Amino acid sequence: MAVKIRDVAQLAGVSVGTVSNVLNRPDEVSAESVSRVTEAIEQLGYVRNDAARKLRAGVSSTVGFVVLDGTNPFFNDVVRGAEDEASKGGIAVLHGNTDEDPHRQARYLDLFEEQQVRGVLISPHGDVSARLHRLRQRGIATVLVDRFSGDGKFSSVSVDSVVGGKMAVDHLIERGHRRITFVGGPFDVRQITDRLAGARASADNAETHVEIDVLPTTASTVDEGVAAGRRILDRSRRDWPHAIFAANDLIALGLLQSLKQNGRLLVPDEIEIIGFDDIPFAGAAAVPLSSLRQPSRMIGRTALRILLEEAADPESIPRQTVFQPELVVRASTGGV
């Protein structure tokens, strides 16, 4: 049986309150009591339950992170950035992958609420404002990750996906392409719709006519990219796009796998591709992939830091931190 604080008190001949004071506020206890309690602790081998103590005090040493897609290396890097920042303060990050499933998302939020975590980071699927307000009412701070807070009621750390989408298509237009296909989905994920909006804004602002065709996917995965590539090849050759803007690098890598004819890869000679995120695999692909780079670890570190600040000061004003993407040109759009 684990030694409890009352066992220490009984052996030392003092009250439980005195033992607690020795452990937490020794300057308020006589030297004799400190000596007796210390002896009893050593004799019994008592180890204080710091986690339980923090929970009783209303201060947890854990935060929750609800991740949109745990298979995407981008989110893995964001989590690692959060963990790097959390470790500085002795905080543990518990994370769960929703796989873009709102029911799984709700279950993780319920779990973190039950665990009374210090705060929750979330890359949400759909509108979760009401649920996050409930967490805040329970004293659990929340910060949106990879999603801009449109109404400003919650702090957020994100990359400007509209600007990124515009940069991607601007690059393709500069390469001389006029028929561009956007491949991505689902469209209830805000980042996807923002990237498409940026792509369309670029086309609208172009000096010549540019077509943006949309080829939707049910998820942002390699398999969906492979399927999309096959659908493109099923078209007559004259209907192939000149270039493709994939909503993320996983889709783009799937497209690279499938855009072959008679054993010959069509990228970049006949179709150019650009992705989004610049995950580590992008530069190592069969045809190194052009992409819009997001500062993934910085996003995680910044979000965790803001979360802890808001947990310490619930009256703080929500802030919106927006990073700018960086265009990385590789062989899939004519780079080296």
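In what order do the 6 strands of the open sheet lie, and is their pairing parallel or antiparallel? In this predicted model, the order is β2-β1-β3-β4-β5-β13, and the pairing is parallel. The edges are held by β2 (92-97) and β13 (320-323); each has a single partner strand, so one side of each is left without a neighbour in the sheet. From one strand to the next, the twist averages 15°.

Inside the sheet, β1 (residues 62-67) and β3 (residues 119-122) run parallel and are joined by 3 bridges. Glycine 64 stands opposite valine 120 in β3.

| Helix | Strands | Direction |
|---|---|---|
| α6 (residues 102-114) | lies across β1, β2 and β3 | about 175° to β1 |
| α12 (residues 296-312) | touches β1, β3, β4 (141-145), β5 (155-159) and β13 | about 160° with β4 |

A further packing involves two helices. Helix α10 (residues 222-233) packs with helix α11 (residues 249-258) at an angle of about 45°, and their axes are 6 Å apart. That angle makes α10 oblique to α11. The crossing of α10 and α11 is right-handed. On the α10 side, the contact is made by Val222, Gly225, Val226, Ala228, Gly229, Arg230, Ile232 and Leu233. The α11 side contributes Leu250, Ile251, Gly254, Leu255, Gln257 and Ser258. By class, the contact of α10 with α11 has 8 nonpolar, 5 polar and 1 charged residues.

Definitions and conventions:
Residues are numbered from 1 along each chain as its sequence is written. This is a predicted model: local features need pLDDT of at least 70, side-chain atom pairs count only at pLDDT 80 or more; totals for chains, interfaces and linings use all residues. Side-chain values use heavy atoms; hydrogens and water are left out. Axes are lines fitted to C-alpha atoms, for helices over the stretch in contact, and angles run from 0 to 180 degrees between N-to-C directions. Helices (H or I, at least four residues) and strands (E, at least two) are DSSP runs, numbered from the N terminus. Angles under 35 degrees count as roughly parallel, over 145 as roughly antiparallel, 65 to 115 as roughly perpendicular and the rest as oblique. A crossing is left-handed if the near helix is turned anticlockwise from the far one by less than a right angle, and right-handed if clockwise. Contact means heavy atoms within 4.5 Å. Ala, Val, Leu, Ile, Met, Phe, Trp, Tyr, Cys and Pro count as nonpolar, Asp, Glu, Lys and Arg as charged, and the others, Gly among them, as polar. Two strands pair if DSSP finds at least two bridges between them.
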